[in-house]
Amino acid sequence: MLNQRIRALLDERRPGYSLPRDFYVDDAIFQADLEAIFETEWLFACSVAEIPKPGDYTTLQVGSNPVVVLRNRDGEVAAFHNTCRHRGSKICLKEHGHANRLVCPYHQWVYELDGRLINARQMPADFDRASSSLAPVHVEVNCGMVYICLADEPPPLDRFKEAVAPYIAPHMPDRTKVAFSATIIEEANWKLVIENNRECYHCAGNHPELLVTLVEFALPDDPLVKRQFQGLMDRSTARWDRLGLPHRPADGGTEFRCIRLPFNDGCLSFTMDGALACNKLLADFTEPDLGSVRMFRVPGNWNHFLSDHIIHFRVLPLSANRTAVKTTWLVHEDAVEGVDYDVRRLTEVWIATNDEDRILAENNHRGILSKAYRPGPYAPSEFMLTNFADWYAGKMADFIGGPRARLAAE
């Protein structure tokens, strides 16, 4: 019955329009979203800067699946289902932590950092520990960004990695540290959170702090671009070309987007006055005017790579009407708080912007609950919403037309 409902909604959908109501508000379709997308796609989990040393770990919740991402004894990044092979208890209970070994708090089964069960007290002598290792989760690391996939056979990630690495690698994310991190809960469907992020049609009326520095336009050849922006773009691209930094839009189809765009004239970073947020530049940069590499990948991650810091945003759905949005600010690994940067100054623009976006997404969700809601047309500047809706519709069509992906187990 659910498959038939999804098929009917897909048939009802008009390309270039927002989605039919139930895709945003229905509990059963939300569960289908988790199975069709969040249990099959590559998901941004964290930065390697969040787990710098062996034994460091971070946890996340993907639908009903708790996951732990850690640095093992060899310094490699690994991930496991955060559930004990005895009776299923969660093992790592904190969002972040450090452990010499992973110990289940329920009955104290002990796991090595490579997932092997090494102690199961009171179990009989013939108990087979080798068959009770933690269930692995697929991991890929790209330029310091950790992605996980719960599917038994994950989709290829090579095209994405190869396309975005030239934009991101010069900023050397693997030589950063976490300056601040914050998670907010938005009372809105995860797709509305993503849609709000994918357009700046709303920016002029809602984001005064952000527009001090951010150029509203998403394409360098946008026909609506103001004349002065074209001059700014020409000057910026000439400078980036001299530095060997790519800037033209990467061809990511509906899956991802990566582009370097300038800040407003005279601005260098996301601050209230447009000046640098961190005086210690990333990598080995000496030029502070590098604009921002804006990178997005479905289903729930967008990022900004600047000359002086990096910002990661991660979206994880909690229910049909609740979404967790985590923001992490990274600075150079040698930057000193209170000397090179001030946390309040570093974060205040996006803390304000995130809260403004929360209000917008929540009001959007409340309005869609109305029986009067009908899908509305996207404006030309909302082309990324068309891309996202098309990608989502394709994922749901695949879901109802084929077998469900199995979770990685052994």
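A disulfide is a pair of cysteine sulfur atoms within 2.5 Å. In this predicted model, a search of the whole structure finds one disulfide. A search for aromatic pairs across the whole structure finds 14.

**Cysteines**

- The disulfide joins cysteine 200 to cysteine 203, with an S to S distance of 1.9 Å. This distance lies within the 2.5 Å that defines a disulfide.
- In general, a disulfide is a covalent bond between the sulfur atoms of two cysteines.
- The link of cysteine 200 and cysteine 203 is left-handed, with -110° about the S-S bond.
- Both cysteine 200 and cysteine 203 are buried.
- Cysteine 46 takes part in no disulfide, and its nearest cysteine sulfur, that of cysteine 92, is 13 Å away. Cysteine 46 counts as buried because its relative accessibility is 0%, and buried means under 20%.
- Cysteine 258 is likewise in no disulfide, the nearest cysteine sulfur being that of cysteine 143 at 9.6 Å. With 1% relative accessibility, cysteine 258 also counts as buried.

**Aromatic pairs and charges over rings**

- The search of the whole structure finds 14 aromatic pairs. In one of them, the rings of phenylalanine 23 and tyrosine 392 have centres 5.4 Å apart and planes at 90°, so the pair is edge-to-face. The reasoning rests on the angle, because planes over 60 degrees apart count as edge-to-face.
- Phenylalanine 23 belongs to helix 2 (residues 22–25) and tyrosine 392 to helix 9 (residues 383–401), so this pair ties together parts that are 369 residues apart in sequence.
- Phenylalanine 23 and tyrosine 392 are both buried.
- The rings of tryptophan 302 and phenylalanine 313 have centres 5.2 Å apart and planes at 20°, so this pair is stacked. Here the angle falls under 30 degrees, which is the cut-off for a stacked pair.
- This second pair links distant parts of the chain, with tryptophan 302 in strand 14 (residues 301–305) and phenylalanine 313 in strand 15 (residues 310–319), eleven residues apart.
- Tryptophan 302 and phenylalanine 313 are both buried.
- Phe23, Phe38, Trp190, Phe388, Trp391 and Tyr392 are linked into a cluster by ring pairs.
- Two arginines lie over aromatic rings. Arginine 198 lies over the face of phenylalanine 296, at 4.0 Å from the ring centre. The charged end of arginine 297 sits over the ring of phenylalanine 160, 5.1 Å from its centre.

- Strand 14 is mostly covered, since five of its five residues are buried.
- In a regular strand, the side chains alternate between the two faces of the sheet.
- Asn301, Asn303 and Phe305 point one way from strand 14, while Trp302 and His304 point the other way, and all are buried.
- Strand 13 (residues 292–297) runs antiparallel to strand 14, and five bridges join them. These two strands form a hairpin with three residues between them.
- Within the pairing of strands 13 and 14, arginine 297 stands opposite asparagine 301.
- Strand 14 is also joined to strand 15 by five bridges, and these strands run antiparallel. A hairpin through four residues connects strand 14 to strand 15.
- Tryptophan 302 stands opposite phenylalanine 313 in strand 15, and the rings of these two residues form the stacked pair described above.

**Two residues in loops**

- Asparagine 72 lies in the loop between strand 3 (65–71) and strand 4 (77–81). Its relative accessibility is 14%, so asparagine 72 counts as buried.
- The side chain of asparagine 72 reaches the backbone nitrogen of aspartate 74 at 2.9 Å.
- Asparagine 72 is in contact with Pro54 and Leu113, leaving aside neighbours within four places in sequence.
- Glycine 291 is placed in the loop between strand 12 (256–261) and strand 13. Glycine 291 has a relative accessible area of 0%, so this residue is buried.
- Not counting residues up to four places away in sequence, glycine 291 touches Trp240, Leu261, Pro262, Phe263, Phe305, Leu306 and Ser307.
- From C-alpha to C-alpha, glycine 291 and threonine 328 are 19 Å apart in space, and they are 37 residues apart in sequence.

Terms used:
Residues are numbered from 1 along each chain as its sequence is written. This is a predicted model: local features need pLDDT of at least 70, side-chain atom pairs count only at pLDDT 80 or more; totals for chains, interfaces and linings use all residues. Side-chain values use heavy atoms; hydrogens and water are left out. Rings of Phe, Tyr and Trp (its six-membered ring) pair if their centres lie within 6.5 Å; planes under 30 degrees apart count as stacked, over 60 as edge-to-face and the rest as tilted. Buried means under 20% relative accessible area, exposed over 50%, partly exposed in between (1.4 Å probe, protein chains only). A charge sits over a ring if NZ of Lys or CZ of Arg is within 6 Å of the ring centre and within 35 degrees of the ring normal. A polar contact is a pair of N or O atoms within 3.5 Å; within protein, one must be able to donate a hydrogen and the other to accept it, and residues adjacent in sequence count only if both atoms are side-chain atoms. Contact means heavy atoms within 4.5 Å. Two strands pair if DSSP finds at least two bridges between them.
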